[in-house]
Amino acid sequence: MLSTVLTGMLIFCVVVGALLRLWRGLGKSVIRLISVVCSAVIAIFCTPLLTNAILKIDISTLGILGDSSMHTLEDFFVVSLQSVGMVGELMTVSPTLKSLIVALPMVLVNLVLFIALFFVLKAIMYIFYKIIAKIALPKHAKGQPLKLRWIGIIVGAVQGLIVFAVVLIPVAGAIDMVE
């Protein structure tokens, strides 16, 4: 089931990317591809730093939690997971499971933050793309030779593949880890 959904999303991303680039042409396709790759690279390097900062936020001063053992969001997540049914008992029996449960909040926050940061950066890069495209490139690809438009389609398909990989591969990895 999951593989069918992922295959469908892959095909969707590649086809939409290719069709958009057919209309826009090679020049705009290359500029947009560069901006999407830059967004992905920045998100890859910034996400762990932001995740660590978010999980280390001191929530003990907010006074919303009665338990004094929870000082950070990470502590809150771990204590919350320990209080679920048999998880606390399993953590005392298995040190491996304990290390997995302690790492789980970081994995989940990292996943959500990475996807959100990628799309925010992609939107910011879109502004730069529009400025560069407006200044340096023609409005539509109608005047371009057919060969260049086909190369634009290929570049668009690659961009769709990159967006698929950047967004859905981490999600599939997290789902696989849970299963």
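Helix α1 supplies the largest share of the lining of the second largest pocket, 6 residues. This is a predicted model, so please keep that in mind for everything that follows.

The second largest pocket has a volume of about 170 Å³. Twelve is the count to keep: of the 12 residues in the lining, those closest to the pocket centre are Cys-13, Val-16, Gly-17, Lys-122 and Val-163. Two elements, α1 and α6, each give two or more residues to the lining. By residue class, the lining splits into 5 nonpolar, 4 polar and 3 charged.

Lys-122 sits in helix α5. Is Lys-122 buried or exposed? Its relative accessible area is 16%, and the cut-off for buried is under 20%, so Lys-122 counts as buried. Leaving out residues up to four places away in sequence, Lys-122 is in contact with Arg-32, Val-36, Ser-39 and Val-163. Val-163 is also among the lining residues closest to the pocket centre.

Now the core. The largest nonpolar core comprises 16 residues, and Ala-43, Phe-118 and Val-167 have the most contacts inside it. Helices α1 (2-24), α2 (26-55), α5 (95-136) and α6 (146-178) each give it two or more residues. Which element gives the most to this core? That is α5, with 6 residues.

Last, Val-167. With residues up to four places away in sequence again left out, Val-167 touches Ile-115, Phe-118 and Phe-119. Of these, Phe-118 is, like Val-167, one of the residues with the most contacts inside the core.

Note on methods: Residues are numbered from 1 along each chain as its sequence is written. This is a predicted model: local features need pLDDT of at least 70, side-chain atom pairs count only at pLDDT 80 or more; totals for chains, interfaces and linings use all residues. Side-chain values use heavy atoms; hydrogens and water are left out. A nonpolar core is a set of buried Ala, Val, Leu, Ile, Met, Phe, Trp, Tyr and Cys residues joined through side-chain atoms within 4.5 Å. Buried means under 20% relative accessible area, exposed over 50%, partly exposed in between (1.4 Å probe, protein chains only). Helices (H or I, at least four residues) and strands (E, at least two) are DSSP runs, numbered from the N terminus. Contact means heavy atoms within 4.5 Å. On a 1 Å grid over the protein atoms alone, a cavity is a set of points where a 1.4 Å probe fits but cannot get out, and a pocket is an open set with protein on both sides within 12 Å along at least five of seven lines; lining residues have an atom within 4 Å of a point. Grid points are joined across faces, edges and corners, and a volume is the space filled by probe spheres set on the points. Ala, Val, Leu, Ile, Met, Phe, Trp, Tyr, Cys and Pro count as nonpolar, Asp, Glu, Lys and Arg as charged, and the others, Gly among them, as polar.
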